[in-house]
Structures are given as structure tokens and as C-alpha cells.
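User: I'd like to go through this model and see what backs up each label. Can we take the terms one at a time?

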Amino acid sequence: RKYPKPRGFVEVKKENLKTKVSNSFRIDQFLCKQSGGFPKYLVLDPKLLIKLEAMLEIAKAQGYDWSSFHIMSGYRTPHYNRLIKNVKYSRHQYGQAADIFVDNSPYNTWMDDINKDGKISVEDAFIIYSLAEQVTHILPHLKGGLGLYKTKKHRGPFLHVDARGYRARWGVPFAASE
């Protein structure tokens with residue numbers, strides 16, 4: 001599937017790295033991890049931010065005290081996307097995707113034990129997955145992709161969430177509602 005090019009880029013300089021792009025997110029959270037100096041450039045679709053904010057609102061209503069998600073990967077340049085051997089039309093290149101997890105207590109760039117079962121596993125990421133599904137039911141115009149990823153040696157479990165405009169699901173465990 002081919003997509004239209006992004007409509008525009010945001011120029012990011014050192015002095016505006018901490019600029020808020022929504023109530024719970026800053027611009028630096030979405031920057032590409034590609035090396036290089038400033039200025040950097042970013043594409044960020046407002047629908048992704050609305051979806052992430054809605055997920056946080058539902059989480060708070062369910063008793064979770066999260067101020068944000070850890071954005072493991074947000075925008076990716078086409079060069080960086082090829083470098084990491086991701087799919088050709090990754091939604092990250094269009095500013096429509098983020099790979100996320102919860103990292104509040106302790107802050108250590110690793111998923112928290114959300115379900116309090118004493119271990120960090122894909123079941124913790126599935127809680128975030130269910131929040132994204134709830135958002136899609138409440139706000140169907142934010143439908144998109146959800147991918148659930150298990151723990152590997154170099155990283156914990158996480159959720160890919162995007163606002164591509166149509167439903168796509170992958171990963172384990174696959175949603176029971178499929």
C-alpha cells in the first residue's frame with residue numbers, strides 16, 4: 001500500500017526540544033534516533049497525539065497513574081527506517097506511529113510491571129493494547145494499527161500504536177476479539 005507524502009515537517013532545535021505538543025507529550029519524545037546535529041526535522045500527525053492522550057485518559061479512569069508513555073520510537077526518517085530494516089511504508093515515517101510502554105516506577109527505560117504479577121512481560125503491554133482498543137471503539141476515526149511485542153534480551157515488551165485510518169493487528173497474544 002502506497003501512502004501520500006507527509007504534508008510538512010517541524011524543525012526542532014536544541015532550544016525547543018522540551019516543547020509540549022500535547023498535555024502529556026513533548027516534541028523530543030517523538031524525534032528520530034538517527035544520529036546527526038541540529039536542526040532535526042519531525043513529522044507528527046495530530047491524530048496520533050489525540051489517540052495517545054485518549055489512551056492515557058482511559059488509563060486514569062481505570063486507576064492507573066501515568067503522566068505519559070515512554071516513546072521508544074516515534075518519527076523515523078526513510079533513511080533510518082531502512083537502516084533498522086523496517087517495512088518500506090512504516091507509519092513511523094509519516095508521523096502516525098509510536099512504539100510505547102509505561103516507564104514510571106522506577107524510571108529505567110524498561111516496561112513497568114503494570115499488572116503487579118512480579119514480572120515484566122507481554123501481559124503488561126497487553127494492558128496498554130486494551131486501552132488502544134477502547135479508544136478505537138469510542139473514537140472510530142482514530143482507528144489504526146496495533147502491534148504487540150514480547151520481551152527480548154535488549155528491550156522489554158512494548159506496543160506499536162498508529163493512526164493509519166484503517167484497522168491492522170499483529171503480534172502476540174493476538175487480540176481475542178479478532
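User: What is the accessible surface of the protein chain, and how much of it belongs to carbon and sulfur atoms?
Analyst: Bear in mind that this is a predicted model. The accessible surface is about 9800 Å², and carbon and sulfur atoms account for 55% of that.

User: Why is the radius of gyration said to agree with a compact globule?
Analyst: For 178 residues, a compact globule would come out near 16 Å; the protein chain has 16 Å, so the two agree. Along the principal axes, the C-alpha atoms fill a box of roughly 45 × 35 × 30 Å.

User: Why is Lys-116 called exposed?
Analyst: Exposed means over 50% relative accessible area. Lys-116 has 71%, so Lys-116 is exposed. Its place is the loop between β4 and α3, and its phi is positive, about 55 degrees, although it is not a glycine.

User: Which peptide bond involving Pro-106 is cis?
Analyst: The one from Ser-105 to Pro-106, with omega near -10 degrees. Pro-106 sits in the loop between β4 (97–101) and α3 (122–138). Another cis peptide bond joins Phe-38 and Pro-39, with omega about 5 degrees.

Notes
Residues are numbered from 1 along each chain as its sequence is written. This is a predicted model: local features need pLDDT of at least 70, side-chain atom pairs count only at pLDDT 80 or more; totals for chains, interfaces and linings use all residues. Side-chain values use heavy atoms; hydrogens and water are left out. The radius of gyration is taken over C-alpha atoms; the globule rule is 2.2 Å times the number of residues to the power 0.38. Accessible areas come from the Shrake-Rupley method with a 1.4 Å probe; for residues, only the protein chains shown count as cover. Helices (H or I, at least four residues) and strands (E, at least two) are DSSP runs, numbered from the N terminus. Buried means under 20% relative accessible area, exposed over 50%, partly exposed in between (1.4 Å probe, protein chains only).
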